[in-house]
Amino acid sequence: MINARNKKERPTVGQMLDEAGVGRRQFMKYCAGITALMAMPPAATTAFARQLRAARRPSVIYVPYQECTGCLMALTRSFAPSLENLIFDVVSLDYNHTLMAAAGTAAMDAKYKAMEENYGEYILVVDGAISTAENGVHGMAVGQTFIDQLKDVAEGAAAIVAVGVCASYGGVAAAHPNPTGAVGVADIIKNKPVINVPGCPPIPEVMTGTLVSFLASGVPELDRHLRPRAFYGNTIHDRCYRRRFYDRGLFAKTFDDEGARNGWCLYELGCRGPTTYNACATIKWNGGTSWPVESGHGCIGCSEPGFWDQGGFYEPVTAKLFRERGQAFAAAAGGVAVGAAAALAAKARKKKLAKETD
Amino acid sequence: MSGAIPLKVKTSPKGVTIGGGVKAIGYEIQTLLERLLSDGESGAIDLRGLPMAPNEYEQLLAMLGVGELDLEIDLNGPSRIRETAYPGVWWIQHKDREDRVLSEYLEINRIPDFLCAQTDQIEDAVRELSDRLKGAAEYD
């Protein structure tokens with residue numbers, strides 16, 4: 001049993017930064033990057049920086065279950081705002097068996113030591129789904145099921161960050177028929193704050209931004225699927241640069257037609273933008289280079305619960321509402337009708353506004 | 001007529017054609033400027049968070065024009081703080097060492113918060129200067 005016997009006092013983030021010779025304005029620059037991503041006003045940046053400097057350097061225990069390591073790869077390739085430094089210097093990443101040099105008993109000892117020394121205060125990051133079928137025997141390591149491992153390590157955590165759609169909602173592992181009974185962290189742990197950062201993988205800046213936001217001000221405001229509203233508050237569709245074409249009822253019919261090349265809406269090609277909450281359209285990927293819709297492919301809805309079972313990726317989002325496959329065309333037509341109706345309504349609003357302005 | 005010193009504008013935003021999306025941002029800036037005047041409350045618009053096509057981004061920068069101040073600071077990568085043709089509206093871009101944009105936003109403020117010395121820094125300064133002066137006195 002791990003307890004608080006050997007709890008250690010950790011330095012603050014500010015002390016760590018001072019020791020590393022990181023200037024205040026350099027730190028403010030980093031905070032400005034984070035708060036801009038979270039759409040916070042400049043005045044809040046100063047307060048955010050102050051809170052973050054005062055936070056104790058956290059111990060982070062990163063545990064992987066049914067996962068593919070894609071989320072970790074994305075996280076370690078985070079561009080803005082140079083979070084490799086934050087992850088590896090400012091936070092104390094005490095256990096991650098993919099990144100750490102130790103293996104076997106030595107690695108497990110490092111985990112137990114971190115749990116003991118930081119009991120009640122460490123951040124637990126979970127990557128991957130947890131198998132529950134047949135008492136969890138489909139996922140085991142060191143003679144313990146993933147369920148038992150998770151319960152043990154969660155007990156002393158201040159909060160749990162579930163990274164990726166698998167840790168959040170079961171994701172790929174939970175796809176129909178879900179033979180291992182895969183579920184997300186919040187389905188098992190009920191007595192600790194769980195913050196879901198879904199995606200396949202999640203946007204690196206969202207993962208690191210969520211960790212930093214927790215350090216500065218605790219558990220952020222979450223939506224009904226336990227996602228931070230600062231990053232998952234809008235649908236992809238709401239912030240999509242192709243949205244204006246949807247409003248005008250202009251849809252690409254194939255991936256390389258003239259409409260697609262001119263930026264028309266990819267709704268009919270299966271884009272899940274209207275039902276997917278994520279920040280891809282604004283933060284983008286690879287240091288803001290581009291994102292799937294800008295590259296010409298629709299959103300696949302990877303940050304939503306049950307995203308593998310939402311129908312074909314190349315069927316309109318409404319298709320799954322129709323039981324018979326043959327009715328997919330009707331669904332597409334329905335989508336177009338909705339788009340056209342929205343366009344008409346927008347036109348009417350514009351006319352009315354013009355009249356009022358005159 | 002106010003006695004304010006006129007701002008020297010390097011590029012005038014007049015005559016620039018403004019598209020619908022950019023105009024909407026313009027109205028938001030106007031609202032934030034009015035709020036700054038009435039309540040003293042600053043605001044910001046994250047330029048990376050707006051669904052803009054590349055030509056709209058150029059249009060926006062053209063609409064904002066260029067004001068008197070243009071600062072470049074090296075803080076583990078360049079940071080540029082430029083006053084626009086509209087006093088109180090600042091264009092700020094932070095980059096990393098590899099020249100990748102970390103953040104880019106418009107700040108509606110009398111002076112960008114980033115440039116202001118923070119309270120805890122000033123407290124440190126008082127303490128450090130006081131120690132220094134006391135030390136100096138001992139050597140006198």
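**Confidence.** I began by reminding myself that this is a predicted model. For the complex, the predictor reports an ipTM of 0.72 and a pTM of 0.81. I then checked chain B, where the mean pLDDT is 83 and 81% of the residues score at least 70. Within chain B, confidence is highest in strand β3(B), residues 78-83, with a mean of 95. It is lowest in helix α3(B), residues 119-139, with a mean of 83.

**Chain A overall.** I found 14 helices and 9 strands in chain A. Of its 358 residues, 45% are buried. I also looked at contacts in chain A between residues at least 6 apart in sequence, and 70% of these join residues at least 24 apart.

**Helix α6(A).** Which residues of α6(A) are buried? I noted Lys111(A), Ala114(A) and Met115(A). They cover an arc of only 100 degrees around the axis, which means that they sit on the same side of α6(A). I then asked what the buried residues of α6(A) pack against. The partners, all in chain A, are β1 (59-64), β2 (92-95), β3 (122-127) and α7 (146-155).

**Domains of chain A.** The domain assignment lists domain 1 as 57-232 and domain 2 as 243-357. In chain A, 17 residues of domain 1 are in contact with 14 residues of domain 2. On the domain 1 side, α8 (164-169), α9 (204-217) and α10 (229-232) of chain A each give two or more residues. By class, I have 12 nonpolar, 3 polar and 2 charged residues on that side.

**Where the chains meet.** How many residues does each chain bring to the contact? I have 26 from chain B and 29 from chain A. On the chain B side, β1 (43-46), β5 (101-108) and α3 of chain B each supply at least two residues. The largest share, 5 residues, comes from β5(B). By class, the chain B side has 9 nonpolar, 10 polar and 7 charged residues.

Definitions and conventions. Residues numbered from 1 in each chain as written. Chains lettered and ligands numbered in written order. Predicted model: local features only at pLDDT ≥ 70, side-chain atom pairs only at ≥ 80, totals over all residues. pLDDT = per-residue confidence, 0-100. Helix = DSSP H or I, 4+ residues; strand = E, 2+ residues; numbered from the N terminus. Buried ≥ 20, exposed ≤ 12 C-beta atoms within 10 Å, placed from the backbone. Arc of directions from axis to C-beta. Contact = placed C-beta atoms within 7 Å. Nonpolar A, V, L, I, M, F, W, Y, C, P; charged D, E, K, R; others polar. Domains from an automatic or database assignment.
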